[in-house]
Amino acid sequence: MLRVRAYLFYALAVCLLGIEAEARANDQYEIVTNPGVREKALTVNSLRSIFSMHLKTWPDGTKIRVFVLSDDDQLHQSVSKEKLNVFPYQLRSTWDRLVFSGTGQAPIKVNSSEEMLDKVASTPGAIGYLWRANINENVNVLEIK
Amino acid sequence: MKMLTCSRLSSLFVGTTRRITRRWVLLFLAGCFSAHAQEPNQTLKQSESGKPPVSLKISELPAQATESDSAKKKTGLVDTALNWFRRTDLPADLQIHGFASQAYITTSDNDVFGNSDKGGSFGFTEAGLNASVRPLPRLLLSAQVLSRRAGEGNTGMPRLDFGFLDYRIYSHEVNQFGIRVGRLKNPFGFYNETRDVAFTRPSIMLPQSIYFDRTRNLGLSSDSVQLYSDAAIFNLGTFSTQFGVTLPIVSDKDTENSLLAGLQKGQLNREVSYIGRGIFETNDKRLRLGVSGIWLNTAYDPNSRLNDQIGPGGLQFTPIFFSAQYNAERWTLTSEYALRHFKYDKNFGASPVNGLDFYGESYYFQGEYRFTPKWEGILRYDVLYTDRADRDGSDFVKRTNGVGVAHSRFAKDITVGLRWNVTPQFMLRAEYHHVNGTGWLSTLDNVRGSTHQHWDLFAIQGSYRF
């Protein structure tokens with residue numbers, strides 16, 4: 001009996017550790033917007049719609065401008081899989097379908113975290129993502145519900 | 001009014017095509033050189049800036065297939081130009097994209113896109129250039145010029161592939177509703193709208209049973225007014241629909257040849273047609289299910305001065321397509337099925353198509369596997385029956401008194417292929433087809449009676465995009 005309880009305890013501990021590890025990976029980066037964007041929180045579905053380039057305007061009617069790192073970038077892959085719950089190759093094929101059928105535009109590619117910070121801070125309506133260490137007061141952190 | 005705008009647009013494009021082609025050639029050459037002209041210092045600097053800050057431990061992140069950063073950050077002329085585009089604040093969010101692909105095709109028998117059975121051919125070239133602007137938050141204008149060189153049916157003459165305006169009438173979170181007016185890509189199946197862009201295709205040649213290259217101009221784009229919407233289905237996914245009223249493009253030789261059993265003296269007229277598609281996609285984009293349908297009307301206009309034997313008949317082509325796809329991290333399974341209804345009325349006079357009413361059937365199963373982000377493999381089985389009531393073509397031979405060829409009424413194609421994504425912009429691939437039947441071969445490229453039932457096709461392709 002005691003042995004069973006010990007096993008259960010152990011299993012629970014492993015689960016909790018797993019959750020904690022997951023939370024820590026998620027904590028390393030944030031979705032950021034230009035300070036002029038009024039939204040402070042977004043649903044996951046809206047966020048996915050924005051990064052899929054389907055949702056093109058903020059609720060106040062202004063343009064959304066999406067900034068991304070390259071497909072094989074570590075941060076892009078984490079955001080794609082953990083925050084948006086899609087594989088990076090699926091985002092790429094969604095964008096390609098829009099661009100080459102003319103029914104949408106591609107996100108704007110930046111080459112580094114520095115450029116991401118710079119662009120999101122200076123472009124009206126901009127949204128992107130950054131490592132926590134790179135975030136400063138020039139951008140807003142968006143809460144994802 | 002709409003037509004007028006379109007024809008003006010296309011004449012404008014034809015006028016500038018020569019310049020565009022010249023620029024393209026320059027750009028392409030520059031792209032070739034850029035691979036050699038990179039400076040090692042710059043590469044190093046770029047790769048450093050591309051990495052996450054040092055404070056972060058990579059080991060804490062989920063395991064990823066990481067490739068060496070330096071290999072893919074090439075700084076050539078094209079990249080410099082692209083960076084300029086990106087850095088310069090272009091007015092109204094102007095974006096410019098393009099692609100160029102060249103294939104080499106060799107066949108054991110029968111011709112595909114040129115003289116492929118006589119030692120192979122470089123006869124398959126695709127290039128496109130598109131631009132889009134957003135002058136208003138809800139308004140998008142986009143246009144693409146496409147050049148395609150493939151056999152007798154496509155000479156490489158650039159044409160307006162699409163050119164339209166898109167106005168978003170309603171937008172709230174995932175739910176969208178809007179209207180598009182102009183020349184639009186026909187939305188059917190998973191691949192039709194981007195079928196000329198090698199990067200968006202699973203293989204060099206799309207499954208021909210569904211994406212006929214023979215009647216491609218008919219299926220590819222049309223002048224239309226289209227309504228579209230995205231709607232959230234509970235918390236499961238999104239249902240996207242498109243519905244269009246169109247004037248199909250029926251004026252090219254290949255289409256006429258296929259629909260009227262040979263080149264005729266008169267011409268096919270455009271009549272109002274309809275197209276619609278619905279695709280359900282789960283939130284994680286793993287499962288995609290689609291159904292699309294076309295209601296195409298056209299009529300033959302005989303040439304009375306040339307003593308045309310064929311009457312002014314009408315033709316209805318109403319195919320329906322079912323599509324399904326499952327995407328996992330490493331593999332993707334895709335299957336599509338089409339039932340194609342052809343109905344010719346009884347006014348075609350002496351033509352063999354007079355009064356014909358039959359169903360064609362097509363389907364394929366396809367598996368793609370991503371060994372690494374750079375290497376992908378594909379396996380596919382693709383089947384076409386021109387008339388599902390006559391799968392081996394024997395009735396066709398009887399009906400045409402032995403003139404018709406039985407194996408021209410079906411095709412079963414087994415394909416294996418390999419794709420190498422050399423850089424995000426450049427891709428190479430190779431594929432092998434073993435085909436039983438000649439159902440989808442172009443009758444412009446192949447002389448009737450000279451075709452072989454069992455044949456093989458091998459193709460390699462290089463493609464660049466930006």
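I count two residues as in contact if their C-beta atoms, placed from the backbone, lie within 7 Å. On that basis, 49 residues of chain B are in contact with 46 residues of chain A. I then looked up which elements of chain B touch chain A; β5(B) gives the largest share, 5 residues. Helices (H or I, at least four residues) and strands (E, at least two) are DSSP runs, numbered from the N terminus. I sorted the side of chain B that touches chain A into 16 nonpolar, 18 polar and 15 charged residues. Here Ala, Val, Leu, Ile, Met, Phe, Trp, Tyr, Cys and Pro are nonpolar, Asp, Glu, Lys and Arg charged, and the others, Gly among them, polar.

The model is predicted: local features need pLDDT of at least 70, side-chain atom pairs count only at pLDDT 80 or more, and totals for chains, interfaces and linings use all residues. Residues are numbered from 1 along each chain as its sequence is written, while chains are lettered from A and ligands numbered from 1 in the order in which they are written.

I checked confidence next. Chain A averages a pLDDT (the predictor's confidence in each residue, from 0 to 100) of 87. Over residues 15–24 of chain A the pLDDT is below 50.

Chain B has 7 helices and 18 strands. I followed β7(B), which pairs antiparallel with β8(B) over 12 bridges; strands pair if DSSP finds at least two bridges between them. B:S229 stands opposite B:T241. The hairpin leaves 3 residues between the strands, and B:F234 in the turn has a positive phi of about 45°. β8(B) also pairs antiparallel with β10(B), over 10 bridges.
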